[in-house]
Amino acid sequence: MGLFKRSTSKDAQESLEAQRATMAREELQRLQKEQDRTRTAANVGSETRHRGASRMLRSMLSWIPGIGSPRQDTPASERETLISRSRDAYRNHMLGRAAVNRAATNVVGMGLTVRPNVDGDALGLSDEQTDQINEQLARGFRLWAEDPAECDAESTLDFYMLQRLAFISALVSGDVFAPTPFERRPGGMFGTKLQLVEAERVGNPLGFTDTPTEIDGVRIDGLGRPTHYRICRGYPSDWQTPQDWDWHPVFGERTGRRRILHLMNEKDRPGQTRGVPYLAPILEPLQKLERYSQAELTAAVISAMFTVAIQHDNEEDDPGLGGSTMWDQQSDDPNKPESERPVVQSERDHTPEGDSLALGEGAVWDLEEGAKPVEINPSRPNAQFDPFFTAVVKEIGAALEQPAEVLLMHFSTSYTAARAAFNQLWKFIKHRRGHLTVQFCQPAYELIIDELVANGRVRLPGYRDPAKRRAYTRSIWIGEPLGSLNEQVDAKAATERIANGTSNETLETMALHGEDWRDVAQDRARELRWKRENGVPVYVGGKVQDPPEPEDPNSSTTD
């Protein structure tokens with residue numbers, strides 16, 4: 001009996017522990033479900049800490065992009081498609097052309113002007129010596145930059161026009177290349193030329209694929225620096241041009257001279273070797289917006305002509321459409337007498353061949369018995385077109401870093417809003433000008449200074465030293481001002497910048513109209529001298545300064 005009792009007590013204890021374990025599991029499951037419900041309510045069904053990484057949310061189910069290298073994310077086939085579509089948008093889409101041209105006009109304008117800024121302190125030069133060298137370098141560079149026969153391999157554009165063409169090509173095609181061949185032509189002073197090469201001429205020939213060191217026509221070294229570009233002598237798509245591909249070095253083997261310039265639209269990732277067109281992110285909405293705009297325009301034109309329909313009392317008649325009215329298909333019977341067929345009566349006395357009718361301005365057709373006109377309201381133009389179009393343009397402008405007011409050239413808001421749009425655009429301009437300066441303008445300037453020194457036109461002691469060369473070739477590139485909404489306020493701001501030392505007259509003068517301050521000051525001095533000599537009033541500080549009275553030759557003066 002004692003053994004049985006002990007056994008029963010042991011079984012009861014085990015049963016009790018099993019019940020407690022079951023209750024604990026149920027409680028744990030209940031808590032787990034509560035946590036799941038809380039997390040579900042907070043994350044709306046997300047199974048990840050970041051809802052953007054969820055693979056369960058309905059909004060994220062189809063969004064599973066792959067992760068890859070810069071080459072994989074922009075393969076040559078896709079890049080070529082983007083280039084062709086961007087070029088078509090630039091040719092045919094009004095908004096696409098506006099975006100590219102507006103960027104080129106604001107960033108480049110008439111071209112970025114160089115102001116040599118030799119580091120006299122590093123070279124141990126006085127201010128007078130530094131100014132003299134700056135003038136010599138500026139004068140020598142102008143001889144090259146302002147003559148198309150000197151700077152352009154095609155002898156068509158000067159350096160400032162080449163800036164705009166290169167910038168537009170980089171925006172539309174993603175990048176542009178500029179080899180610097182040396183060819184001194186009869187009657188010329190310089191041998192350095194710039195030859196722009198479009199994006200599709202740099203790549204891999206048919207049948208060639210990328211390798212770890214050769215990516216889409218760019219050969220790189222172990223650190224990722226481009227060392228060679230493979231350039232087609234013609235265009236790969238034009239079989240009437242040469243189809244030979246050659247590797248060209250980026251730097252000279254002995255001197256390190258820059259032999260090919262590469263202007264890229266935007267380098268978005270480390271290790272990226274080729275650029276992507278500026279319009280690439282907006283090509284899809286741009287195409288849809290263009291179709292929508294054309295459809296609304298077509299509908300408005302049709303509605304302006306199609307204003308009346310014809311209703312027949314005879315149910316057996318089968319009416320059709322035409323002109324500004326409807327007509328009976330029985331009129332198409334060629335055996336019908338000429339007098340019973342419809343006659344056109346309009347300002348344009350035009351009778352179509354047979355009974356082929358079409359929409360026309362002010363067309364009137366004779367009606368048959370039992371037919372009466374019925375007015376139609378096509379609800380065109382669409383009153384909601386402009387708000388919707390503007391809303392989409394705002395999104396496109398945000399992607400392109402250009403305000404919608406600037407893209408549409410329509411400023412209908414307040415002065416404060418327009419000023420804010422200009423300030424945001426100015427940031428975009430400065431950013432893009434920095435890219436153009438580093439990748440295109442400054443390297444070209446250094447090549448010309450090299451040639452000036454090599455030819456003995458300018459003497460720069462110690463120029464072979466890389467540190468001194470850097471001090472001699474230091475410069476500032478200044479573009480056109482953004483524009484002024486209130487010239488009086490901007491002029492006062494410029495005066496205050498000069499007064500407090502944050503700017504100077506040279507910078508403000510070049511930023512205003514691209515002229516050198518010394519030239520402007522000398523011209524102004526000549527004007528003032530001529531006015532005083534001829535008795536013309538002179539305005540100084542907003543006040544008229546009386547000219548000095550001419551001396552009387554018959555009068556005598558005594559001490």
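Let's start with a helix pair: H3 passes H9 in a left-handed crossing, meaning that the near helix is turned anticlockwise from the far one by less than a right angle. This is a predicted model, in which local features need pLDDT of at least 70 and side-chain atom pairs count only at pLDDT 80 or more, while totals for chains, interfaces and linings use all residues. Residues are numbered from 1 along each chain as its sequence is written, and side-chain values use heavy atoms, with hydrogens and water left out.

The axes of H3 and H9 come within 11 Å and cross at roughly 35 degrees; axes are lines fitted to C-alpha atoms over the stretch in contact, with angles running from 0 to 180 degrees between N-to-C directions. Contact (heavy atoms within 4.5 Å) involves Leu82, Arg85, Ser86, Ala89 and Asn92 of H3 and Leu283, Leu286 and Glu290 of H9.

Here are the elements, which are DSSP runs (helices H or I, at least four residues; strands E, at least two) numbered from the N terminus.

| Element | Residues |
|---|---|
| Helix H3 | residues 76-92 |
| Helix H6 | residues 127-145 |
| Helix H9 | residues 283-305 |
| Strand S2 | residues 175-179 |
| Strand S7 | residues 260-264 |

Now to the strands. In S2, 5 of 5 residues are buried (under 20% relative accessible area, 1.4 Å probe, protein chains only). Asp175, Phe177 and Pro179 lie on one side, with Val176 and Ala178 on the other. S2 and S7 run antiparallel, joined by 5 bridges, and Phe177 stands opposite His262 of S7.

Finally, the buried residues of H6 include Ile133, Leu137, Phe141 and Trp144.

Notes: Buried < 20%, exposed > 50% of the residue type's maximum accessible area, 1.4 Å probe, protein only. Pairing = 2+ DSSP bridges. Expected span 1.5 Å × (residues − 1).
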